[in-house]
Amino acid sequence: MTEELKHIGPRLRALRNDRDWTLDEVATRAGISPSTLSRLESGKRQASLELLLPLTRQFGISIDDLVTPKAADPRVRRRAIRRNGMVITPLAPEGSPVATYRITYPPVATPPEPQVHDGFEWLYVISGRLRLLLGSQDLVLTNGEAAEFDTRIPHSICAAGKRSAQVLSIFNNEGIRMHTHAPGDDMHTQSPGDDTNP
């Protein structure tokens, strides 16, 4: 908490500067002396509720807005999902508003049956060649190419050729379900981060 309190002064100064207010203007409005506010902003004066409450009222914020929460560990540590020869690696925390995955598509003799579901999919080819069957189109995407499409159009994705293809994919919630769960999976007990076998 001590580390978080160190950021209060610079945040107060930034708020004041954003509004083009002088030390005297803010101090007068908050009922404190300009020297007290100056020392508070520079970290030479300990922050207290008595000082912060009138200041937050003037800025129209809460005290919580002044305290920078401790940064959580940003690393994503979720197990890969194995489904029908594919390896689906989650790249975002579970529950993230953007569901991002690295998917490795193995070479196959015939493309999987086209699927249709609500939503969209965006993908970017990292390596290999990717075959995208989209409606009546039969497309091959290579390294560095991207595609975005409405998943209500019948679509099928697989590696093109004899090598695996690796892609980054972003899905909506329905897209996640279609790619990470097999028919018959209990959706209430399995999450996209669960390790499942093909």
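Ser169 touches Ala99, Thr100, Tyr101, Ile103, Glu121, Trp122 and Leu123, leaving aside residues up to four places away in sequence; a contact here means heavy atoms within 4.5 Å. The place of Ser169 is in strand E9, residues 165-171. Ser169 is buried, with a relative accessible area of 0%. Buried means under 20% relative accessible area, exposed means over 50%, and partly exposed lies in between, with a 1.4 Å probe and protein chains only.

The model is predicted, so local features need pLDDT of at least 70 and side-chain atom pairs count only at pLDDT 80 or more, while totals for chains, interfaces and linings use all residues. Residues are numbered from 1 along each chain as its sequence is written, and side-chain values use heavy atoms, with hydrogens and water left out.

The protein has 7 helices and 9 strands. Helices (H or I, at least four residues) and strands (E, at least two) are DSSP runs, numbered from the N terminus. Of the 198 residues, 35% count as buried. Among the contacts with a separation of 6 or more, 61% come from residues 24 or more positions apart.

Consider the helices next. In H2, residues 8-18, the buried residues are Ile8, Gly9, Leu12, Leu15 and Arg16. They cover an arc of only 125° around the axis, which puts them on the same side of H2; the arc is that of the directions from the helix axis to the C-beta atoms. An α-helix has 3.6 residues a turn, so residues three or four places apart point the same way. H2 is followed by Asp20, whose phi is positive, near 60°.

Helix H3, residues 23-30, has Val26, Ala27 and Ala30 as its buried residues. Their arc around the axis is only 95°, which puts them on the same side of H3. The cover over the buried residues of H3 includes H2, H4 and helix H5 (49-59). After H3 comes Gly31, with a positive phi near 75°.

How do H2 and H4 lie relative to each other? Two packed helices are described by the angle between their axes and the distance between the axes. The axes of H2 and H4 (residues 34-42) come within 6 Å and cross at roughly 120°. Axes are lines fitted to C-alpha atoms, for helices over the stretch in contact, and angles run from 0 to 180 degrees between N-to-C directions. H2 and H4 are therefore oblique to each other. Angles under 35 degrees count as roughly parallel, over 145 as roughly antiparallel, 65 to 115 as roughly perpendicular and the rest as oblique.

In this contact, Gly9, Pro10, Leu12, Arg13 and Arg16 of H2 meet Leu40, Glu41 and Ser42 of H4. The residues of the contact divide into 3 nonpolar, 2 polar and 3 charged. Here Ala, Val, Leu, Ile, Met, Phe, Trp, Tyr, Cys and Pro count as nonpolar, Asp, Glu, Lys and Arg as charged, and the others, Gly among them, as polar. Ser42 is partly exposed, with a relative accessible area of 40%. Ser42 and Gly9 are 33 residues apart in sequence, yet 5.8 Å apart in space, C-alpha to C-alpha.

The strands follow. Strands of a sheet pair through backbone hydrogen bonds, either parallel or antiparallel. Two strands count as paired if DSSP finds at least two bridges between them. Strand E2 (residues 86-90) is mostly covered, as 4 of its 5 residues are buried. E2 pairs with strand E1 (residues 81-83) in the antiparallel sense over 3 bridges, and Arg82 has Val87 in E2 as its bridge partner. The hairpin of E1 and E2 has 2 residues between the strands, and Asn84 takes a positive phi near 50° in this hairpin. E2 also pairs with strand E3 (residues 99-105), in the antiparallel sense over 4 bridges. In E3, Thr104 is the bridge partner of Val87.

Strand E5 (residues 130-134) is joined to E6 by 5 bridges. Arg131 stands opposite Val140 in E6, and Leu132 stands opposite Leu139 in E6. In the hairpin of E5 and E6, with 2 residues between the strands, Gly135 has a positive phi near 60°.
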